Amino acid sequence: MANLRELSKRITSLGKTKQITKTMELVATSRMKKTADRLHATRPYADKLSQILSQVNLAEYVEQFPLLQKREQVKRVAILIVTTNRGLCGAFNASVIRMARDVAQQLTDDGISYELHVIGRKGANALRYMGYEVASKTTNITDWPSFEDARLVAETLQERFLDGTVDELRIVYSNYVSVASQKPVAEMILPMQVEGDEEVTSEYILEPSAEEILENLIPAIINNRIFKALLETAAGEQAARRVAMKNATDNAEEIKRLLTRSYNRARQAKITQEIAEIVGGAEALN
Amino acid sequence: MARTLHCEILSPEGSVFAGEATLVVATAIDGEFGLLYNHAPLIAALGKGRLRLELEGGGEKVWRAEGGFLEVSQNKVTILSDKIEEK
């Protein structure tokens, strides 16, 4: 039976595929740990930034800082979409893209125009394919993003906000909730929200002045938020890939089991047939 | 008890340094300033320049920072900078 050889070939090929997906799963697991550690390492810095911010009576300074000012009429919104450069990570990018499309649809419904700035080849290609116009795409950020990457993106978009091209900057990215869960989120970056208007009585001496500190602090916070989004995406990508590759490995295992069973059955059928032929032949001789 | 300041230098990528120092000299926007034990609570915006720590038990460490913030309260100094390099 030619079928036997065919089956045996498929079983070998499947075994190789399984080995590849298994390796990818292990690589993703180790990278996931490293990127997640990195994500956690940024927390003290971020916490301290907000702690310093809380020492300044923000509401008082809104007038002086355009980055804090809500525009009366929002005509155009920039949406920053953070995706990955590589695939094989399940629905990770698809869920971010879906969220971004929802945000865009909502804006269209409200009669507001928007522009899409995409990080990651996957998002840029998918959105373009769906017929969206991609205003800018950044594909040179690796799965090990640096703060410099974030700063570059942040500064370009901040510029567009300040010169009035856009009235808002939003970001859509995937939140690394846990190893097993990544959730797409949409957040407002600019204008930066001023929380609470209660009077802050600070015991701190502000050097040289609250204004000068804010002038540096506000961009620092915005850069850091974008940096955090990049890291969340990097960690989530690895986690999602791990799960996707584990499923692929399990699936390969399952198919291999079924094929092996068919192979054995075919082999047995062949033997039985041969015996029947021999018995038949011997009988004829008698 | 040793009269030292507990210093921590943080960058967005993580902790750069943590340790005890007897003197901290940093460059603010308008020039250098020094911090000793029992300094009043202060938040400063840092400029481009040196950050020098005189460590407990002698020795010193120097960084070059470009922008950032320094916060001191209750003898704890936290330096935040996204561009800092050891010299």
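A:Glu148 and A:Arg151 form a salt bridge, with their closest N and O atoms 3.3 Å apart. The term salt bridge is used here for a side-chain nitrogen of Lys or Arg within 4 Å of a carboxyl oxygen of Asp or Glu. Side chains of opposite charge can pair when their charged atoms come close. A:Glu148 and A:Arg151 are about one helical turn from each other because they sit three residues apart in helix α5 (residues 147-162) of chain A. Helices are DSSP runs (H or I, at least four residues), numbered from the N terminus.

This is a predicted model, where local features need pLDDT of at least 70 and side-chain atom pairs count only at pLDDT 80 or more, while totals for chains, interfaces and linings use all residues. Residues are numbered from 1 along each chain as its sequence is written, chains are lettered from A and ligands numbered from 1 in the order in which they are written, and side-chain values use heavy atoms, leaving out hydrogens and water.

## Where chain A meets chain B

A:Arg151 also has a partner in the other chain: its side chain meets that of B:Asp82 in a salt bridge (3.5 Å, N to O). Across the interface of chains A and B there are three salt bridges, and over all chains the count comes to 19.

How many residues does each chain bring to the contact? Chain A gives 27 and chain B gives 22, where contact means heavy atoms within 4.5 Å. About 2,200 Å² is buried between the two chains, 66% of it from carbon and sulfur atoms. Buried area is the accessible area (1.4 Å probe) that two parts lose on being put together, summed over both.

Helix α5 of chain A packs against helix α6 (residues 210-285) of chain A at about 120 degrees, with the axes 8 Å apart. Axes are lines fitted to C-alpha atoms, for helices over the stretch in contact, and angles run from 0 to 180 degrees between N-to-C directions. The two helices are therefore oblique to each other; angles under 35 degrees count as roughly parallel, over 145 as roughly antiparallel, 65 to 115 as roughly perpendicular and the rest as oblique.

Among the residues that meet here are A:Arg151 and A:Ala154 in α5(A), and A:Ile222 and A:Phe227 in α6(A).

## How α3 packs on α4

Helix α3 (residues 92-109) and helix α4 (residues 121-129), both of chain A, have axes that come within 10 Å and cross at roughly 50 degrees. That makes α3(A) oblique to α4(A). A:Asn93, A:Ile97 and A:Arg101 of α3(A) make the contact with A:Lys122, A:Gly123, A:Ala126 and A:Leu127 of α4(A).
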